[in-house]
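Here is a short report on one protein chain.

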Amino acid sequence: ELSNLNASWKLPRPPTSAHHTCVKEKKLISQKIPPPPTTTHHQRKRIFLPISDQFAASRSTFARPGGGYHWSLLLWEINTRCEIGDLDDSGLSKASLSVDVTYHHFDSSRGVNASAADAVATKLHQVLCVSISKEDYAVISYGAFKVVECKTPQQRNGYDCGVFTLGFAEALSSPSEDGGITNAKEYREAVLQDWFEENGEHAKFALRLRERICGDIRELAARNK
C-alpha cells in the first residue's frame, strides 16, 4: 500500500502500519519505495494509518495475534518541492528536493496511543529517507520530524475507539485547500470538531456510523448474490 505515493491520500491496512513498526532497520534499506515524483512544483501526499497500542509493544508481543486494546489515527503528510538547478558543463541538471513531513495523531482516548504513534512514525520516516535516491538530486533537505498530538473528540466508553478512528479518517479525508495553511493542526482540529458536532456528537455519532457500516455491508452482500 505504501509503494504508491502518487495518490493524494492513502488508507493502508493495519498490518502495513504494524510491519513498519516492527521491521528491523537493515530490512528497511532493502525495501525501498519510489521517491515522490520529480516535478517543479509543490506536491502534498496524505496517508492515513490506523494505530494500535500493540504497535508500541515488543516484537514478541506483537507476533501474538489478537493483542492490543485501543485504536487511533495517524495522518502522515509529505510535502515536497522540487526545483531544477542550473545546467552543468555536460549539459545536465540535477534538481534540489525539499521534503517536509508531518505526523498528526488523533486519539479518542488522549495519550493512550502516543508511544505507539511515535514508534510507527519513526519507522516510516526511516523508510522515507532511504527511499529517495541521492543520485537523483543535487541537494535533499528534510524538515524536522515530530509527531503532533491533536485535540480530538473523546470517547466515553471503552469500546468505541475503532468507530471513532474510522470517523476521524472520513472527516479528514475530504478534499480541502489546507495545504497552504500556516497552522494545519488547528485547522484540522476545527474541521474534526465541526464534523463531530454535525454527526450527533457523543449521543449519536458512534451509533450513526455503525448503522452506515451495516448498511454498506448489506448493500455489498446484495450485489454479490
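## The largest core

The largest nonpolar core has 21 residues, and Leu49, Ile51, Leu74, Trp76, Val99, Tyr103 and Leu128 touch the most other members. A nonpolar core is a set of buried Ala, Val, Leu, Ile, Met, Phe, Trp, Tyr and Cys residues joined through side-chain atoms within 4.5 Å. Buried means under 20% relative accessible area, exposed means over 50%, and partly exposed lies in between (1.4 Å probe, protein chains only). Two or more residues of this core come from each of strand 2 (42-52), strand 3 (71-84), strand 4 (95-106) and helix 4 (114-131). Helix 4 gives the largest share, six residues. Helices (H or I, at least four residues) and strands (E, at least two) are DSSP runs, numbered from the N terminus.

Tyr103 touches Leu74, Leu75, Trp76, Ala121, Leu124, His125, Phe145, Lys146, Val147 and Val148, leaving aside residues up to four places away in sequence. Contact here means heavy atoms within 4.5 Å. A second, separate core holds 17 residues, including Cys150, Ala171, Trp195 and Phe196.

## Basis of the model

The model is predicted: local features need pLDDT of at least 70, side-chain atom pairs count only at pLDDT 80 or more, and totals for chains, interfaces and linings use all residues. Residues are numbered from 1 along each chain as its sequence is written, and side-chain values use heavy atoms, with hydrogens and water left out.

## Overall layout

The protein chain has seven helices and six strands. Along the sequence they follow the pattern β-α-α-β-α-β-β-α-β-β-α-α-α. Of its 225 residues, 38% count as buried. Among contacts with a separation of 6 or more, 74% join residues 24 or more positions apart.

Helix 5 (residues 161-172) is mostly covered, with nine of its twelve residues buried. They are Cys161, Val163, Phe164, Thr165, Gly167, Phe168, Ala169, Ala171 and Leu172. The expected span is 1.5 Å times one less than the number of residues.

Helix 7 has 23 residues and reaches 32 Å from its first C-alpha to its last, close to the expected 33 Å. Its buried residues are Phe205, Ala206 and Leu209. These pack against helix 5 and helix 6 (184-198). Glu201 also lies in helix 7. Its phi is near 50°, a positive value in a residue other than glycine. Glu201 counts as partly exposed, at 37% relative accessibility.

## One cavity

How many cavities of 30 Å³ or more are there? The count comes to one. The largest cavity contains about 40 Å³ of space. Its lining is Glu170, Trp195, Asn199, Phe205, Arg208, Leu209 and Arg212. Helix 7 (residues 201-223) supplies the largest share of that lining, four residues.

A cavity is a set of points, on a 1 Å grid over the protein atoms alone, where a 1.4 Å probe fits but cannot get out; lining residues have an atom within 4 Å of a point. Grid points are joined across faces, edges and corners, and a volume is the space filled by probe spheres set on the points.

## Cysteines

The whole structure has zero disulfides (pairs of cysteine sulfur atoms within 2.5 Å). Cys161 is buried, with a relative accessible area of 6%. Cys214 is partly exposed, at 37% relative accessibility.

Notes:
1 Å grid on protein atoms, 1.4 Å probe; cavity = no way out; pocket = protein on both sides within 12 Å on 5 of 7 lines; lining within 4 Å.
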